[in-house]
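Q: Please take a close look at a single part of this model: the meeting of helix with helix. Keep the account plain and define the terms as they come up.

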Amino acid sequence: MTSETITAAASGTWKLGDLTVNRLGFGAMRLTGSAAFDLGTPSDRERSIGVLRRALELGVNHIDTAAFYFSSLRSANELINRALAPYPDDLVIVTKVGPGRDPSGKWLPWATPEQLRGQVEENLRQLGRDHLDVVNLRLNGPGSLAEHFGALAELRDAGLVRHLGISNVGPAHLAEAQAIAPVVCVQNRYGLETGRADSDEVLRACGEQGIAFVPFFAIAGEAGAFGASSNDGDDGQGSEVLAVARAHGATEAQVRLAWTLHQGPHVLAIPGTGNPDHLVENVAAGALRLSADELARLGSVHDG
Ligand SMILES: NC(=O)c1ccc[n+]([C@@H]2O[C@H](COP(=O)([O-])OP(=O)(O)OC[C@H]3O[C@@H](n4cnc5c(N)ncnc54)[C@H](OP(=O)(O)O)[C@@H]3O)[C@@H](O)[C@H]2O)c1
C-alpha cells in the first residue's frame, strides 16, 4: 500500500477542541537528525523541508513538535516554519512543554511552573506564530500536575494558547487537569507492543469523554526512543504483524499504525519520519482496514 493517491483524509477526522484534524498526522521528532536527540548527524535540510511540504500535500493537517526537538544544526520548529509558513488555516500544530534542553543539547531539569511561559514563547518565536494551537504539558513522573497545568491555563486565558493537552499521564492526571481547564488531547506511549498496560485505562477514559488519545512510538515501539528504524518482525510478535501485513500487501509499519487507529475513533496517529517514502506509506496506512479476526490476532500480541 504505497499509493500516493491515498491522503490523510482516508483516516477520518477528529476534533481537538474546535479544530478538526485528519486522524493520520505527523510527528516532527525525526526531522532533525539520524536519531531523535542526536547532535552528531544533522538531517539533510532540503529533504526534511520536502517531507513536511509533502505531508501537507498528502492531506496531513496535524503536526506534533517541540522546541526540544533539535540536533546540532536543525530545529524541528524552525524546519516547520521554513517549510510551511505562511501556515494554511486548517493546519494544527501541537507542541509540548515541560522538558527542555540547553543550547548544547543537554537535558535541563524539568521546567518549573514559572518557566512554562518562556517555553511557550520559545515555541511561538521558532514557529513564527502569535498563538499556539495546542500545547501539551509533558510530565516526567506520577506527581501532581496542578501547579504546572494551572500555569498553562493562565497562558490559555491570556490568548497565547488555544487548547491544552497532557502527555505521559495516567487517568488520575487527566481528572486533575480537567478540574483546572479543558483537556483536548492526551499523548502517551502506546502501540501494539508498547505501553498498553500503562495506557489502556486512560485511552478508554479519553474515548468516553471525546478527548483525543494520541500515541507515540506506535511504529518503532521502545526502539523508537533510541533511533532504531522499526521493529524487525523476526520474533513471535513480529510474525503475527508480518502475516497480517502480507495479507494486505502492506508493510508492518502500516499494520502497526492501522492497529492504533482501530483502537477508537478518538485515537490519532503521529508517525515520525524524515524519509519521504515512509511518509507516503504512513499516510496510506490511514486507509488500511483490519478485520475483527485480524484485530483479535494482533490484540493477543503481548505488551513488551
Ligand atoms: N509526548 C512525548 O513524550 C513524545 C515522545 C516521543 C515522541 N513523541 C512524538 O511522537 C512522534 C512519533 O514518535 P517517534 O517518531 O519516536 O516513533 P514512531 O513514529 O513510532 O517511529 C519512528 C521511527 O520509525 C521509523 N519509521 C517511520 N515510518 C516508517 C515506515 N513506514 N517504515 C519503517 N520505519 C519507519 C522512523 O525512521 P525514518 O525516519 O527512517 O522513517 C523512526 O526511526 C514523534 O515524532 C514525536 O512528535 C512524543
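A: Helix contacts

Helix α1 (residues 45–57) and helix α2 (residues 76–84) have axes that come within 9 Å and cross at roughly 65 degrees. This is a predicted model, in which local features need pLDDT of at least 70 and side-chain atom pairs count only at pLDDT 80 or more, while totals for chains, interfaces and linings use all residues. Residues are numbered from 1 along each chain as its sequence is written, and side-chain values use heavy atoms, with hydrogens and water left out.

Helices (H or I, at least four residues) and strands (E, at least two) are DSSP runs numbered from the N terminus. Axes are lines fitted to C-alpha atoms, for helices over the stretch in contact, and angles run from 0 to 180 degrees between N-to-C directions.

From α1, the contact (heavy atoms within 4.5 Å) takes in Arg45, Ser48, Ile49, Leu52, Arg53 and Leu56. On the α2 side are Leu79, Ile80, Arg82, Ala83 and Leu84. Seven residues of this contact are nonpolar, one is polar and three are charged (nonpolar: Ala, Val, Leu, Ile, Met, Phe, Trp, Tyr, Cys and Pro; charged: Asp, Glu, Lys and Arg; polar: the others, Gly among them).

Another pair is helix α3 (residues 116–127) with helix α4 (residues 146–157), whose axes come within 10 Å and cross at roughly 50 degrees. α3 and α4 are therefore oblique to each other (under 35 degrees is roughly parallel, over 145 roughly antiparallel, 65 to 115 roughly perpendicular, and the rest oblique). The crossing of α3 and α4 is right-handed. Leu116, Arg117 and Val120 of α3 meet His148, Ala151, Leu152 and Leu155 of α4. Five residues of this contact are nonpolar, one is polar and one is charged.

Now α4 itself. Its twelve residues, at 1.5 Å a residue, should span 16 Å (1.5 Å times one less than the number of residues), and the end C-alpha atoms of α4 are 16 Å apart, which agrees. Buried in α4 are His148, Phe149, Gly150, Ala151, Leu152, Ala153 and Leu155 (buried is under 20% relative accessible area, exposed over 50%, partly exposed in between, with a 1.4 Å probe and protein chains only). The cover over these buried residues includes α3 and α5 (171–178), together with β5 (92–97), β6 (132–138) and β7 (161–167). Just after α4, Gly159 takes a positive phi of about 90 degrees.

Definitions and conventions:
A crossing is left-handed if the near helix is turned anticlockwise from the far one by less than a right angle, and right-handed if clockwise.
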